[in-house]
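Hi everyone, thanks for coming. Please have the sequence and the structure up on your screens, and we'll walk through a few spots together.

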Protein chains: 2
Amino acid sequence: MPELRQNRFTKEWVIVATERAKRPEELAVKKETKEMPHYSPKCPFCPGNEAMAPPEVLRIPDDGAWKVRVVPNKFAALAREGELTRKIERSKRTMNGVGIHDVFVDTPDHALTTALLPDEQVTDILSSYLLRFKQVSADPRVAHVTIFKNHGVSAGTSLEHPHSQMIATPVISSHVRGRLHEALRHYDEFGECIFCTVLGEELEEGSRVVVEGKQFVAFEPFASSSPFATHIFPRRHMASFGDINQEEIQDLAAVLKSVLAKLYFGLENPDFNYTIRTAPAESAGVPYYHWYLSVIPRLTRVAGFELGSGMFINTVLPEAAAEFLRNVKAEKPAAVAG
Amino acid sequence: MPELRQNRFTKEWVIVATERAKRPEELAVKKETKEMPHYSPKCPFCPGNEAMAPPEVLRIPDDGAWKVRVVPNKFAALAREGELTRKIERSKRTMNGVGIHDVFVDTPDHALTTALLPDEQVTDILSSYLLRFKQVSADPRVAHVTIFKNHGVSAGTSLEHPHSQMIATPVISSHVRGRLHEALRHYDEFGECIFCTVLGEELEEGSRVVVEGKQFVAFEPFASSSPFATHIFPRRHMASFGDINQEEIQDLAAVLKSVLAKLYFGLENPDFNYTIRTAPAESAGVPYYHWYLSVIPRLTRVAGFELGSGMFINTVLPEAAAEFLRNVKAEKPAAVAG
């Protein structure tokens with residue numbers, strides 16, 4: 001019989017449809033293997049083509065060259081300049097679309113997805129996230145910052161060169177408000193951070209844990225809304241991503257890289273998103289919220305039931321997904337490594 | 001400059017990114033035109049193949065044959081039989097997956113999508129929705145009913161034969177609870193149904209209206225989260241779809257058909273979902289909620305920003321989408337009709 005499981009952070013119910021269940025490996029999407037060049041003359045993110053992108057706002061330097069570069073998004077969703085104004089007209093509420101939309105060029109190499117990068121390069125990517133996060137959070141127009149990566153067409157990008165993005169908005173979305181509100185309710189009732197509690201239970205039970213780092217733990221959420229969605233939690237209580245320290249960044253890099261490599265080798269380089277779910281600046285120090293990174297492989301499609309009800313149907317048992325990922329040897333076979 | 005608009009029912013902000021804006025017609029996805037047969041020998045939904053599907057639970061008869069047939073979903077997300085039990089274990093909340101998952105075979109014709117069906121056939125489809133809605137709502141295990149249609153691969157189906165679905169769940173999702181809660185807050189503050197108010201304003205302003213029927217109105221929501229998402233509201237205040245009357249069903253059929261035909265002819269048969277957003281049975285008579293039908297063409301992809309923040313970026317101005325749809329002549333050219 002299928003099972004309904006409740007997401008412990010949003011209170012949303014998820015249908016784990018074991019009757020429809022597939023073996024994890026059945027979800028891998030066979031793709032044409034496309035040999036990617038390490039440099040593409042038309043790519044605005046490749047070294048030497050820097051002038052094709054807007055002027056750089058940050059770089060992690062590398063002896064005259066760069067390891068990571070951050071530029072304003074050329075097709076920004078929000079305008080960088082301008083004052084914030086609000087308009088109220090009958091039932092309509094609008095604000096002008098002021099905010100910051102950056103692109104992180106994850107690596108100079110056009111062909112290397114995060115799963116194949118050295119841990120040190122992933123550390124540099126995360127360090128650049130942190131630097132930009134702190135910089136834009138200081139802008140009084142910014143209420144919330146979302147950092148994310150889209151990998152592959154199903155995940156919403158057609159740009160090949162590995163990159164991630166940051167959008168700083170002048171509002172806190174009701175989605176984020178809802179998560180904070182649920183966490184606060186739990187804190188008010190039990191005097192504890194629900195995220196800390198869940199992490200403790202996951203470590204004790206073990207069946208959904210994928211990777212254990214010194215400071216970070218990756219696990220499949222109990223009420224995962226889609227196959228192989230993976231949470232990476234800091235062990236230390238922190239509401240804001242801005243509070244991560246240098247040692248933790250290195251550990252997060254290793255754990256994230258390990259999760260992405262397991263997906264890459266186990267499920268044939270699936271399209272995926274990841275996103276950092278942090279408290280907004282105004283709640284940076286609260287005892288009830290806990291930031292984390294969420295990796296969402298795009299193996300299935302949202303259909304009318306999900307759009308209508310807000311509930312999701314997951315056809316892979318989170319415990320089976322975790323076991324599958326634990327067993328993936330996330331390395332190139334020796335013969336191919338180079 | 002882009003604009004932030006607030007969804008008046010969920011309070012979620014949407015970025016209307018006019019800088020990235022596309023002309024509506026640019027979103028049409030060119031597809032290989034595939035000549036579909038009117039009958040397929042392997043299709044479980046074609047007349048004559050009834051034995052390939054589970055035993056029928058409802059039919060709209062047609063002189064020995066049928067116009068619409070309803071069968072249990074062979075790959076049901078929930079189990080039809082069984083008692084509802086709830087389990088609470090530390091932070092984990094589960095229920096067994098009891099519920100009803102039906103498939104509506106929209107027409108005996110394998111090749112005719114809703115946009116091309118006669119209005120009378122659409123009336124029969126909606127009548128079958130209503131019959132099943134009332135039947136399953138009477139089941140004490142059922143808390144909420146979602147009726148929806150998936151058309152095309154991007155909308156989550158690979159089955160060609162036109163069909164729709166109903167999933168009756170033993171819980172009310174937190175998504176649905178949230179909509180009810182926001183509507184109740186508005187009612188408590190202003191003493192009015194926010195949906196009735198918005199409908200009145202849309203009719204006065206006119207710029208987002210697509211089709212006006214006698215009992216139903218189709219319009220592009222002010223804070224539409226994706227291009228060409230269209231709401232169809234009943235003019236009469238009703239919280240539950242179960243309260244629709246026969247005359248209204250006929251008008252809804254004509255308006256829905258008109259919207260789908262405009263999408264079909266204007267945007268080259270896009271993949272789409274539609275869903276009926278009704279109050280749950282326990283709130284069937286409330287003065288603050290108002291059911292409606294939502295049509296969601298699947299022209300863009302959800303990416304990391306949406307998954308992380310819950311906010312959407314819409315690259316088509318709702319007013320431009322409405323104007324475009326108003327101008328689509330939703331008929332086959334005379335030379336092709338037949």
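Let's start at Ile232(A). Leaving out neighbours within four places in sequence, Ile232(A) is in contact with Phe216(A), Ala218(A), Leu252(A), Val255(A), Leu256(A), Val259(A), Tyr292(A), Leu293(A) and Val295(A). By contact I mean that the C-beta atoms of two residues, placed from the backbone, lie within 7 Å.

A word on what you're looking at: this is a predicted model, where local features need pLDDT of at least 70, side-chain atom pairs count only at pLDDT 80 or more, and totals for chains, interfaces and linings use all residues. Residues are numbered from 1 along each chain as its sequence is written, while chains are lettered from A and ligands numbered from 1 in the order in which they are written.

Back to Ile232(A). It belongs to the largest nonpolar core, which has 188 residues; Ile232(A), Val259(A), Ile232(B) and Val259(B) have the most contacts inside it. Such a core is a set of buried Ala, Val, Leu, Ile, Met, Phe, Trp, Tyr and Cys residues joined through C-beta atoms within 7 Å. Buried means 20 or more other C-beta atoms within 10 Å of a residue's own, exposed means 12 or fewer, and partly exposed is in between, with C-beta atoms placed from the backbone.

Now the helices. In chain A, the axes of α1 (residues 119-137) and α4 (residues 246-266) come within 8 Å and cross at roughly 120 degrees. Axes are lines fitted to C-alpha atoms, for helices over the stretch in contact, and angles run from 0 to 180 degrees between N-to-C directions. Helices are DSSP runs (H or I, at least four residues), as are strands (E, at least two), numbered from the N terminus.

Who meets whom here? From α1(A) come Asp119(A), Val122(A), Thr123(A), Leu126(A), Ser127(A) and Leu130(A), and from α4(A) come Ile249(A), Gln250(A), Leu252(A), Ala253(A), Ala254(A), Leu256(A) and Lys257(A). In chain B, helices α1 (residues 119-137) and α4 (residues 246-266) pack at about 120 degrees, with axes 8 Å apart.

Last stop, Thr94(A), in strand β6 (residues 92-96) of chain A. Thr94(A) and Asn269(A) are 175 residues apart in sequence and 40 Å apart in space, C-alpha to C-alpha.

Thanks, and I'm happy to go back to any of these.
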